[in-house]
Amino acid sequence: MNRLFNRNRMLIILFGIIILIILIGFSISDRSSTTKAEQFTADAAAGSQMIIDAPLNFAGSIFTSIRQSFNAVEENERLKAQLEMLPQMQADLERLETENEELREALEVSSKQSYESINARVISRSPDQWLDNFTIDKGEADGINEGMAVMTTEGLIGTVARANGGSSYVEMLTTSVSQNNLSVEIMHEGNPIYGNIREYDTERNLLVIENIKNRSGLARGDEVLTSGLVGDYPEGLLIGTVVEVQNDEYGLSQNAYVQMKGNVDDVDVVFVIERNPESMEE
Amino acid sequence: MRAIIIFLFSFLLMYVDFLFAEFSPMTLGGVEVYFVPRALLMFILLVSVYASPQMSVLLSVVFGAMLDLYIGSIYGIHTFGMVAFVLFMHTAFRVFHKDFVAMAFVVLFLILFYDMYIFFIYRLLDMVNLPAFDYLALRAAPSLLLNALIFILVFIIALKTSRIRKEVLPKH
């Protein structure tokens, strides 16, 4: 043990701890861009991982397709029944969309709700499994930037924390880093009631929303959406539904417990939401 | 040449970690059990014994930084941790050299402590709030079992890539 703590080693260890603390401070600070060095290292890791994963994914997909072929006939019939209504619906949708666009142009307003989505696949999760963050296979080259919202088909699950060239690092809503003051609206009988996300309750697996005005009359089952007031999030991305409403400890406002729609444990394909830049100018 | 092979194997073992992490957490009897694989760290620790400590430190800086930038929210945790643990291993190994059982114990215990160290830092930064007992039962113990299995694989790779094989086992 004496050798470990001789003077030189002691200095090196102390120096290392100081660097560690500086780095921790650096990574907790709120940054809006990713440095080139970070991008390069992360892209190198992501690229080589995609190469190594390719044969494994191929083998995996063979097994899934064999399994799926067993109930293909049944599924086919069900889907056909759904498909018959589709052309009419699509025609309606297009007509309504153009009409909406024309009306909006006439009024000269830009919608906070319009956005475009970029599909991406999850390529890795941290082996540590402490924070449920993950890396996706699209980056700056595909138009992804820091602060964009990330959704599954069910609902919002996180934010892009670092955008590299060909991959991005996504932080989940369930970790405390990305949920800082994310503003949300809760739809109660057609009226929006505003609040912001405080934390994720890991024991109950529910999201806690604070600063909701008193006597708002929120009820179980009300939908929680993003408000579009903060950051790069468009308005109206679904987060979850209210499970329980409580007064906060001072009785000045209310807290709501929200069940998230997106399944945070099993994420495979995600959509990165790019907000219409016209609506962000004001 | 040996340095390149060791580097390539470390690279591969990093992805072995990612692969094993896909299966976790498993839900056993209603509770989520986490298995945290640490093949890369084990390999680096063994390299410090069988090849050279300097090489180990270099590997831990390179791969620690890579892990931090690729999948870490807090920079520096892996880089600092890996270097520190290689130094611990180096110190511990002056005491009992070339005894396989003792070495396996030391490596597995260091892996356990490494996980605890990361848990401790995240607790300090208030990023996780798992009670310590839950941590031991649902994370530390299952991870130790998984790592004991992986250790066999990693040990074989480390032996094959090291020079000990030529010195100690020349006639096999």
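The C-alpha centres of domain 1 and domain 2 of chain A are 31 Å apart. In the domain assignment, which is automatic or taken from a database, domain 1 of chain A covers 72-109 and domain 2 covers 183-260. The model is predicted: local features need pLDDT of at least 70 and side-chain atom pairs pLDDT 80 or more, while totals for chains, interfaces and linings use all residues. Residues are numbered from 1 along each chain as its sequence is written, and chains are lettered from A and ligands numbered from 1 in the order in which they are written.

Chain A contributes 31 residues and chain B 28 residues to the contact between them (C-beta atoms, placed from the backbone, within 7 Å). On the side of chain A, two or more residues come from each of helix 1 (7-28), helix 2 (36-69) and strand 1 (115-125); helices (H or I, at least four residues) and strands (E, at least two) are DSSP runs, numbered from the N terminus. This side comprises 14 nonpolar (Ala, Val, Leu, Ile, Met, Phe, Trp, Tyr, Cys, Pro), five charged (Asp, Glu, Lys, Arg) and twelve polar residues (the others, Gly among them).

Strand 1 of chain A also pairs (at least two DSSP bridges) with strand 12 (residues 269-275) of chain A, antiparallel and through seven bridges. Asn119(A) lies opposite Phe271(A) of strand 12. Three bridges link strand 1 of chain A to strand 2 (residues 134-136) of chain A, again antiparallel, with Arg125(A) opposite Phe134(A).

Val154(B) is in contact with Leu13(B), Ala39(B), Met42(B), Phe43(B) and Leu46(B), neighbours within four places in sequence being left aside.

Note on methods
Contact = placed C-beta atoms within 7 Å.
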